[in-house]
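Here's a quick tour to go with the viewer. Have the coordinates open and click along as you read.

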Amino acid sequence: NSAEACDDFDDNIAELAEGADILLPGPDVQTPSPFQRYLLSINLKYGRNLVVRNRRSATSDPYVKFKLEGKQFYKSKVVYKDLNPRWNESFSHPLRDRDHDVELRVYDKNLTADDFMGSSTISLKDLELHKTHELELRLEDPKSKEDDMGVIAVEVRLLFRDATVKRGPRFRPKKKQQNQGPTPRTSDPLKNQLKNQMWTGVLHITLVEGQDLPQYGQGDVYVRFRLGDQKYKSKNLCIQPNPQWREQFDFNQFEDIQESLQVEVFSKRGRKGTESWGMFEVDVLRLPLNERQLYTHVLDPGKGKLVFLVTLRPCWGVSISDTDNPTLVNQDERDSVMERFSLKNTHQRLHEVGFLQVSVLKANDLPATDINGKSNPFCVIELGNCKLQTHTVNRTVNPEWNKTFTFPIKDIHDVVEVTVFDENGDRCPNLLGKIAIPLLTVQDGQQVCLLLKKEDLGRPSKGTITLVLEVIYNNRTPLFVQLSQRPVHFCVCVVVSRPVLAPTR
């Protein structure tokens, strides 16, 4: 269940990169606006020790309104008969500037006029951008004689909308600064460059359903997830009150990426374009390990809710090393892998299929892209949505990388893709050739020299690449691997029996 590419998402954002900074939800189509540069995300968590407004039952039925410049932009649900209510509602609102305070007003729900229970404010000027602030807002009412009206707990995050501008894949080289000489090829910067690629955790995401979505007109509804450069777009479902996606996918978590998981729901109605029904964020840095978190996020007013699950798991099996000392050559490390996938540990590793080691040795006779008849090749290795790359070897068409990469296997039917690029300064790298190897065809430990192909894998390119691959499977998968790699003949025996008739008298 790897994350699929979301090209249309990139195209929409690329249109804004030239001028405006944001995407604005609208009734017909998203249009850029130079005036609304911020996105305010609020998670209304709970209230504590709120005041009594229903004297008979000594309780209240509280709900919360959020206002900006006197205009209401969100209203929470009512929690009945509770002075310590829990809402756990999340919502977002675009902002033009940070010059105004957000007013939070709490009311007690009545059949006639609702009773005021206190108010507080959130100062936008005091919020640090791209940081989640946990606030306990003390409620006040100058007209009330009550000294303590309780508190409302919220999480607030202010995002500068430039964060949504399109960025290239992780393997694209960074732009060189002006008046800067060539980067020295010393061992320490090279090790840091390779180390920064590796992820430290895996976000396992399950998109469950929508609740109480509006059902007016015809069209589709879908969800987009984004974490750094990783994107996932759900299936398009017909607009209905309770669409069921039931989709699962993974995102990798990197140490150098401090961004939140962005989730946005869209509706699409033919030629009218795409309308955003709400965007919100999940702070992945605050997620506990190995604990499944249920999120029921409230979308824009009148648009319903979105339900999904997120589990952060520690990462295992990702490494980059030199080919003279690969992971599986070290007997202690090999024993550790075998022990992890032993029969006695199988029940603890149900989501782990196996372990892949790829040694990228060299390439020969690559296409030349420079006027001097040379190239600056580097190699990208992909397995599912996992991606690692070698360093760049400058001015050659016969590079030797001699690097070994290891990946955890999540799907027995995955394909290893190896792509050779030419580094092109601050421009998009040129593709020199590509190969694809299904895991089920890997011959362990054998050096193979393969012809490179074009990007579509249908036509030959120029040059070859030399690899060594090895796979270790979880002990619960070898039988399936054997059945998948060779034809199996079954002998079926059919027994036909006749009913026994009782003797006649």
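Does arginine 269 count as buried or exposed? This is a predicted model, and in it arginine 269 has 15% relative accessibility, so it counts as buried, the cut-off being under 20%.

**Around arginine 269**

- You'll find arginine 269 in the loop that sits between strand 14 (261-268) and strand 15 (274-282).
- Leaving aside residues up to four places away in sequence, arginine 269 touches Tyr216, Gln218, Gly219, Ile239, Glu275 and Trp277.

- Follow the order 13-9-17-16 and you've walked across an open sheet of 4 strands with antiparallel pairing.
- Strand 13 (244-254) and strand 16 (293-298) are the edge strands, as each of them pairs on one side only.
- On average, neighbouring strands in this sheet are turned by 25 degrees against each other, if you ignore direction.
- Strand 9 (residues 199-211) pairs with strand 17 (residues 305-314) over 10 bridges, in the antiparallel sense.

**A hairpin**

- Strand 5 (residues 101-108) and strand 6 (residues 115-123) run antiparallel and are joined by 8 bridges.
- The hairpin that takes you from strand 5 to strand 6 goes through 6 residues.

**Nonpolar cores**

- The largest nonpolar core has 38 residues, and the ones touching the most other members are Leu356, Val360, Phe407, Val416 and Ile465.
- Among the elements giving two or more residues to this core are strand 9, strand 19 (354-364), strand 22 (400-409) and strand 26 (460-473).
- Strand 26 supplies the largest share of this core, with 5 residues.
- If you zoom in on valine 416, its contacts include Leu356, Val358, Ile381, Leu383, Ile435 and Leu469, not counting residues up to four places away in sequence.
- Glu382 is also one of the residues that valine 416 touches.
- There's a second, separate core too: it has 30 residues, including Val102, Ile152, Val156 and Val298.
- In soluble globular proteins, nonpolar side chains tend to be buried together.

Terms used
Residues numbered from 1 in each chain as written. Predicted model: local features only at pLDDT ≥ 70, side-chain atom pairs only at ≥ 80, totals over all residues. Heavy atoms only, no water. Buried < 20%, exposed > 50% of the residue type's maximum accessible area, 1.4 Å probe, protein only. Contact = heavy atoms within 4.5 Å. Pairing = 2+ DSSP bridges. Axes fitted to C-alpha atoms, helices over the stretch in contact; angles between N-to-C directions. Core = buried A, V, L, I, M, F, W, Y, C linked by side-chain atoms within 4.5 Å.
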